[in-house]
Amino acid sequence: MGKTSVFVVEDDADISGIVAEHLGRAGYACTQAFSGTEARLVLEGARERGERFDVVVCDLMLPGLPGEDIVRFVRATDAATPIIVTSARSAASDKIDLLKLGADDYLAKPFDLDELLARIEVQLRHRGRPATPQPGGDALRVGKWTLDRAARTLVVDGADVPLTRTEFNIVELLAAHPKKVYTKQELFELAWGEPFAADDSTVSVHVSNIRAKLKPTGTEGYIQTVWGLGFKLAADAVEK
């Protein structure tokens, strides 16, 4: 099995080199791009070959194409690859906007290299975590939803609903425990696999993204907001 591949998109050659060297020492194979235009060409080439990177680490302020466009390009056809955005822009609104676009994590510059490594490991652990054995296989059915825990896919009435890894984690938690009300802290710690950072907007943004993807299926109401507490699976979803 080859090394885990990380695509580092960073226009500052010094930062890019330091990141690639640090990740390389940790056992990752890094491919670098120094502009948004170059990043898109690399991604297009990989797509034509039927390949994809295991992780994308992308800056926002890039020549050619901004990082936001790179996130959109990846997410247009790939809901699974983890995307970690790095940027000197640290406002909460910037973070929320990137999460809405489909980024999985956001790391403000300057960042600690070991923290970046830890976040990459968290994202990969989520992607590869073992499915919980279920009677009759790995399928979890709730109402019109069918979750395949092994393949990590959601199908609603025969239609695939593309979810990011974190979004799938949230849906799986709600579907597996339909009567439980999850606080935002619980959802964050279970879906992200890291301590709650007292930023509950992150969970709300991901739930909003999930509902938007479910809307064409008519099942966005399956996720119920319990005001002052968090989220749960709606009772009518369980009864269907």
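**Close-up 1. Helix α8 lies across strands β11 and β12.** Helix α8 covers residues 201-214 and runs at about 145 degrees to β11. The angle is taken between N-to-C directions on a scale from 0 to 180 degrees, with axes as lines fitted to C-alpha atoms, for helices over the stretch in contact; contact means heavy atoms within 4.5 Å. Helices (H or I, at least four residues) and strands (E, at least two) are DSSP runs, numbered from the N terminus. This is a predicted model, where local features need pLDDT of at least 70 and side-chain atom pairs count only at pLDDT 80 or more, while totals for chains, interfaces and linings use all residues. Residues are numbered from 1 along each chain as its sequence is written, and side-chain values use heavy atoms, with hydrogens and water left out.

**Close-up 2. Three strands make an open antiparallel sheet in the order β10-β12-β11.** β10 (182-183) and β11 (223-226) stand at the edges with a single partner strand each, so one side of each has no neighbour in the sheet. Strands count as paired if DSSP finds at least two bridges between them, and β10 is joined to β12 (residues 230-233) by 2 bridges. Tyr-182 has Phe-231 in β12 as its bridge partner. Helix α6 (residues 165-176) lies across β10, β11 and β12, at about 60 degrees to β12.

**Close-up 3. Phe-188 sits in helix α7 (residues 184-192).** Phe-188 has a relative accessible area of 6%, so it is buried (under 20%; exposed is over 50%, partly exposed in between, with a 1.4 Å probe and protein chains only). Ile-170 is 18 residues away in sequence, with a C-alpha to C-alpha distance of 8.6 Å to Phe-188.

**Close-up 4. Aromatic pairs: the whole structure has 3.** Rings of Phe, Tyr and Trp (its six-membered ring) pair if their centres lie within 6.5 Å; planes under 30 degrees apart are stacked, over 60 edge-to-face, the rest tilted. Phe-7 and Phe-53 are stacked, because their ring centres are 4.6 Å apart and their planes at 10 degrees. Phe-7 is in strand β1 (residues 5-9) and Phe-53 in the loop between α2 (36-48) and β3 (55-59), 46 residues apart.

**Close-up 5. Charges over rings: Arg-47 over Phe-73, and Lys-180 over Tyr-182.** The criterion is NZ of Lys or CZ of Arg within 6 Å of the ring centre and within 35 degrees of the ring normal. Arg-47 is 4.3 Å from the ring centre of Phe-73; for Lys-180 and the Tyr-182 ring, the distance is 5.0 Å.
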